[in-house]
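Hello,

Please find the structure below. My notes on it follow.

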Amino acid sequence: MTYDTGFVVHGQTVREHLDPGVVRRELAIIRDDLHCNAVQIIGGDPDRLELAAGAAAELGLEVWFSPYPLELEPEQILMLFRDCAQRAERLRQQGAAVVFVAGVELSVMNRGFLSGESPEERVERLMSAHEGRAAAMRELGVRMNAFLRDAAATVRESFHGKLTYAAIQFEQVDWTPFDIVTFELIRSAEVADLFRDGVRTLARGPKPLAITGFGTAAYRGAGDRGGRVLEVVERDPKTKAPVRLNGIYERDEDGQAAYLSELLEIFETEGVDSAFVFLFALPGYPHRPDGDPRDDLDRAGLGIVKLLEGRRGHTYPDMEWEPKAAFTAVAQRYRR
């Protein structure tokens, strides 16, 4: 399971509060009720990452310590990795099973690899360069691998456990510096017929294969959109915070549940070593069942729990969220 401690964008943390007691309780639920044995701790604040990783380790979970840089320059990314590597090594020295994830989709989520002022603009520019796309991708691969060699060396100065990077396939990563091959792999309608064979091919490699970043939302047709699932969200032009949906989308928790169950079955049967559902809860996407359905941001949220505003749930009366159908589907899959 993937657990979010708060993305940091331009110095602002998306998840406003992180209560240590809530973190431990949620991680215990991830272990006991979802039957997970590993958790990917993501976020941009090293203190928060260390707090949540420590709690997960105390619960006996394998920790994937995953700093998630956003809109940083390469040197800033290396500074973040250096800090987090020291923290992850302290945890490993205490006996925890720790894997360090040296970033996620760095080329599109940060500056210095592709031109553009946002992830969407960077991807659009790369994919729209029809005649020069192959050359652009080769150039990107060269830049990415040069940086990843530096990143791996920086992390290994302090951290002596297993190391990986969560890649997009077009980044053309040279996996030599890493112990585990990790891809953000999202199924869309366009690749659905090829998806299983693609996973099988990736799993045949010489190193263990992990899959991260896979998930979808709880509105009808979300699973067909793949990585474009959040395009239905209107955002504040300055803060980029989600405001409302851009139309009326039918709530479909069963569709989200089926999508995750199907992908987990593929990963299990095709030889994937580790898979991390994205994600437990996504702050900023509250469930608003009353009123205009466009205000129910949870329909576009990728969390397997729906966040409640100022009230507690029924299934877990001490938590301000309620499980979705996807929560049950994941629990059933992992229980088996």
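A pocket, as used here, is an open set of grid points with protein on both sides within 12 Å along at least five of seven lines. The model is predicted, so keep that in mind throughout.

**Pocket and cavity**

The second largest pocket holds about 550 Å³ of space. Its lining has 23 residues. Those nearest the centre are Asn37, Val272, Asp273, Ser274 and Ala275. Strand S5, helix H9 (253-269), strand S12 (274-277) and helix H10 (325-335) each give two or more residues to that lining.

Searching the whole structure for cavities of 30 Å³ or more turns up one. The largest cavity has about 30 Å³ of space. Its lining consists of Ala281, Leu282, Tyr285, Asp298, Gly301, Leu302, Gly303, Val305, Leu307 and Lys324.

**Helix H2**

At its start, a side-chain oxygen of aspartate 45 comes to within 2.8 Å of the backbone nitrogen of aspartate 47. After the helix comes glycine 60, with a positive phi near 85°.

Which residues of H2 are buried? They are Pro46, Arg48, Leu49, Ala52, Ala53, Gly54, Ala55 and Ala56.

**Core**

The largest nonpolar core has 114 residues. Leu27, Leu34, Phe100, Phe280 and Ile304 touch the most other members. Take isoleucine 304. Leaving aside residues up to four places away in sequence, isoleucine 304 touches Met1, Leu34, Leu260, Val277, Leu279, Phe280, Pro323, Lys324, Ala326 and Phe327. Of these, Lys324 also lines the largest cavity.

**Leucine 308**

Leucine 308 sits in the loop between strand S13 (305-307) and strand S14 (321-323). Is leucine 308 buried or exposed? Its relative accessibility is 8%, so leucine 308 counts as buried; the cut-off for buried is under 20%. Leucine 308 touches His287, Gly313, Glu320, Trp321 and Glu322, again not counting residues up to four places away in sequence. Threonine 201 is 107 residues from leucine 308 in sequence, and the two C-alpha atoms are 41 Å apart in space.

Best wishes

Notes
Residues numbered from 1 in each chain as written. Predicted model: local features only at pLDDT ≥ 70, side-chain atom pairs only at ≥ 80, totals over all residues. Heavy atoms only, no water. Buried < 20%, exposed > 50% of the residue type's maximum accessible area, 1.4 Å probe, protein only. Helix = DSSP H or I, 4+ residues; strand = E, 2+ residues; numbered from the N terminus. Polar contact = N/O pair within 3.5 Å; in protein donor to acceptor, adjacent residues only side chain to side chain. Core = buried A, V, L, I, M, F, W, Y, C linked by side-chain atoms within 4.5 Å. Contact = heavy atoms within 4.5 Å. 1 Å grid on protein atoms, 1.4 Å probe; cavity = no way out; pocket = protein on both sides within 12 Å on 5 of 7 lines; lining within 4 Å. Points joined across faces, edges and corners; volume = space filled by probe spheres on them.
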